[in-house]
Amino acid sequence: MTNRTAATRYARALLDVALQEQADLSTIESQLASFTALIQREEALRRALLNPAVPAPRKRGAVAELVARANLLPVVGKTLVLLAERDRLVILPDLLEAYRQRLM
């Protein structure tokens with residue numbers, strides 16, 4: 001499965017859950033964009049979270065801490081932690097793009 005295909009599936013699932021929970025869809029989009037920008041902007045963080053040599057549990061812990069500090073919506077936080085657990089944070093930019101496309 002390609003990164004774009006996986007990102008599309010995660011985006012579809014995120015939107016489905018957000019609709020079920022009646023969450024603010026634009027807030028989800030902005031929080032995803034902010035988190036993606038943070039990873040792209042902070043070199044040390046990007047290297048740690050996207051490095052395949054770093055164990056997934058450590059990535060999960062780091063992302064969980066960032067989510068808690070950023071006070072993200074639960075649906076966004078759970079999605080980011082799930083991506084970290086599965087070592088799929090590399091698809092974040094594609095997931096953001098796919099989510100935005102689904103909103104339209």
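Trainee: Leaving aside neighbours within four places in sequence, which residues is leucine 80 in contact with?

Mentor: In soluble globular proteins, nonpolar side chains tend to be buried together. Here leucine 80 touches Leu32, Phe35, Val63, Val67, Leu72, Leu89 and Leu92, where contact means heavy atoms within 4.5 Å. This is a predicted model, in which local features need pLDDT of at least 70 and side-chain atom pairs count only at pLDDT 80 or more, while totals for chains, interfaces and linings use all residues. Residues are numbered from 1 along each chain as its sequence is written, and side-chain values use heavy atoms, with hydrogens and water left out.

Trainee: How many residues does the largest nonpolar core have?

Mentor: That core has 30 residues, and Leu80 is among those with the most contacts inside it. A nonpolar core is a set of buried (under 20% relative accessible area, 1.4 Å probe, protein chains only) Ala, Val, Leu, Ile, Met, Phe, Trp, Tyr and Cys residues joined through side-chain atoms within 4.5 Å.

Trainee: Where is glutamine 22 found, and is it buried or exposed?

Mentor: Most residues other than glycine have a negative phi. Glutamine 22, however, has a positive phi of about 55 degrees. Glutamine 22 sits in the loop between H1 and H2 (helices are DSSP runs of H or I, at least four residues, numbered from the N terminus). At 74% relative accessibility, glutamine 22 is exposed (over 50%).

Trainee: And what is the phi of asparagine 71?

Mentor: Asparagine 71 also has a positive phi, of about 55 degrees, and lies in the loop between H4 and H5.

Methods: Helices (H or I, at least four residues) and strands (E, at least two) are DSSP runs, numbered from the N terminus.
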